[in-house]
Structures are given as C-alpha cells and as structure tokens.
Amino acid sequence: MQVHILFLLPMAFLLLPGTWSGEIIGGKEAKPHSRPYMAYLEIQFGEETFRCGGFLVAKNFVLTAAHCQGDTITAVLGAHSLEKRREQQKIKVSKKIPHEKYNNRTKKNDFMLLQLAKPAKLNKFVNTIPLPKTGETVEPGMVCSVAGWGLTIANDISSAANALREVDVEVLEDDECSYGDNYDPATMLCVGHPQKCRDSAKGDSGGPLVCDGKPQGIVSWGTKDGTPPGVYTRVSTFIRWIQDKMRRPQ
C-alpha cells in the first residue's frame with residue numbers, strides 16, 4: 001500500500017464555492033465554535049498558498065504537523081465558516097519549530113509548534129486544549145473524534161464546504177496501518193473506520209485527534225487513494241519536547 005500525506009490544499013480555490021474547501025470524510029458539520037481550540041492555517045509557499053489544521057495549546061502556541069511547512073503561516077482562530085470572519089482572530093506565525101528528527105520520507109516525528117506573533121485573546125470562540133500526560137495511551141477500540149476543513153470524499157475536490165466538519169473515528173490495532181517500515185507504533189496511531197469510510201482527509205493535516213477531551217493524535221498521513229485508516233502522530237510521546245520548546249522557543 002503506497003503512502004500518501006494527508007496534505008495541504010491549494011487555497012487559490014478557497015473563495016470559489018464547491019471547490020477545494022472540503023472537510024472530513026463520513027462526518028457532519030460541527031456545532032459552531034464547539035471546538036474553540038481549532039486553528040485554520042493559511043500557508044504561503046513560494047507563489048502558492050495552502051491550508052492545514054492545527055490546535056491552540058497555549059495563548060501563543062499552535063501545534064500542527066511538521067509537513068505543514070511554508071515560507072509564511074497565518075493562524076486563523078475562532079473560525080467555523082471560513083466566510084464568516086466576525087469571531088475570527090488572524091495572527092501571523094513568528095516562529096516555526098518542527099521536531100529536529102522529522103523525516104519527510106517516513107513522516108516520523110511529524111509535528112511542529114508554531115509560535116504566534118502575539119498571544120490569542122481567549123474567549124468563547126478561541127481557547128486552548130489541555131495536552132495529555134507523557135506516555136498516556138489510547139487503546140484499540142476507543143472512539144475519538146477528528147475535525148477539519150479538508151475533503152469530505154477522498155480525492156474528490158468537488159466535495160467541499162466552508163464550515164468545520166467532525167467525525168467519530170476508532171483507534172485501531174497497529175497492524176492495520178503497518179505500511180512497511182513507515183509506521184512506528186511508538187510515535188504513531190492507526191485510526192479510522194475502513195468499513196464506514198470515516199477518517200480525516202486532504203486538508204485536515206495537523207488537526208487534532210481528540211479522545212476524552214485531549215489531543216492524543218495529529219493528522220499526518222494515509223494511503224494513496226485517501227481511504228481509511230489514517231496515521232496520526234502520537235502526541236503523548238512528545239510532551240516533554242513540546243513543553244521544553246514552549247518554555248524556551250528556539
């Protein structure tokens with residue numbers, strides 16, 4: 001099975017209804033502002049603009065995937081519909097801190113802290129989410145949720161809407177995602193529901209897998225055809241790294 005990143009979607013289509021503005025596969029529209037920690041990332045890379053998800057873990061830090069790189073990044077907080085900007089806070093990213101051992105080929109250590117140019121103003125639309133404890137585990141069979149602004153149908157750019165979508169997904173046994181040497185059980189989670197076609201998709205990269213109110217995973221990569229299951233970076237493995245970088249950003 002070939003590896004495919006749940007990657008960035010061209011933002012050039014963002015303002016055109018019915019194109020690359022998409023969401024979650026097999027889910028539904030989230031209750032507006034029920035996930036105030038969600039961040040929508042506008043990423044400029046050369047002459048192109050892309051998108052990713054992320055989540056607010058402190059007033060001035062967003063956690064996302066390391067492959068959500070670019071020359072400049074703007075975090076949009078408090079978003080639900082991307083067209084309704086009244087509650088939104090748009091803050092430039094002043095510093096990108098990817099994990100030093102991120103491997104672009106295998107996608108190991110696929111996470112990155114983004115330091116915001118100024119602290120977010122916390123309110124009912126914008127708030128942080130607490131991190132799990134170091135080494136905290138989630139067992140196969142546990143039902144979690146994932147949200148984002150990626151595609152609703154795998155690899156179908158017409159499956160789009162501008163509102164945040166969410167879906168319940170199941171944590172699977174590691175061997176369901178054993179794609180050669182690319183899958184590392186110590187740093188990754190296998191998640192999705194192949195039979196019910198529930199998972200994250202293109203454009204959801206960097207968003208959180210939330211289990212019992214904590215972000216246990218980060219949307220990372222999946223199969224070439226975009227069908228479940230998907231692979232998520234295991235957040236609890238990297239808590240000490242995250243805390244150290246937030247105390248002493250490089």
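Which residues does Y183 touch, not counting residues up to four places away in sequence? They are D174, C177, S178, M188, L189, C190, W221 and V231, where contact means heavy atoms within 4.5 Å.

Good morning. This is a predicted model, in which local features need pLDDT of at least 70 and side-chain atom pairs count only at pLDDT 80 or more, while totals for chains, interfaces and linings use all residues. Residues are numbered from 1 along each chain as its sequence is written, and side-chain values use heavy atoms, with hydrogens and water left out.

Let me stay with Y183. Y183 sits in the loop between β10 (165–171) and β11 (188–192); helices (H or I, at least four residues) and strands (E, at least two) are DSSP runs, numbered from the N terminus. Y183 counts as buried because its relative accessibility is 7%. The term buried means under 20% relative accessible area, exposed over 50%, and partly exposed in between, with a 1.4 Å probe and protein chains only.

One of its polar atoms lies 3.3 Å from the backbone oxygen of M188, and the side chain reaches the backbone nitrogen of C190 at 3.2 Å. A polar contact is a pair of N or O atoms within 3.5 Å; within protein, one must be able to donate a hydrogen and the other to accept it, and residues adjacent in sequence count only if both atoms are side-chain atoms.

I turn now to the barrel. Six strands form a closed barrel in the order β3-β4-β5-β8-β7-β6, with antiparallel pairing; two strands pair if DSSP finds at least two bridges between them. L63 stands opposite L113 in β8. The helix α1 packs on the sheet, touching β4, β5, β7 and β8, and its direction makes about 25 degrees with that of β8. Axes are lines fitted to C-alpha atoms, for helices over the stretch in contact, and angles run from 0 to 180 degrees between N-to-C directions.

Finally, the interior. In soluble globular proteins, nonpolar side chains tend to be buried together. Here the largest nonpolar core has 46 residues, and L41, L63, L77, L113, L116 and I242 have the most contacts inside it. Such a core is a set of buried Ala, Val, Leu, Ile, Met, Phe, Trp, Tyr and Cys residues joined through side-chain atoms within 4.5 Å. Its largest share, 6 residues, comes from β4. A second, separate core of 12 residues includes C144, V167, V171 and C211.
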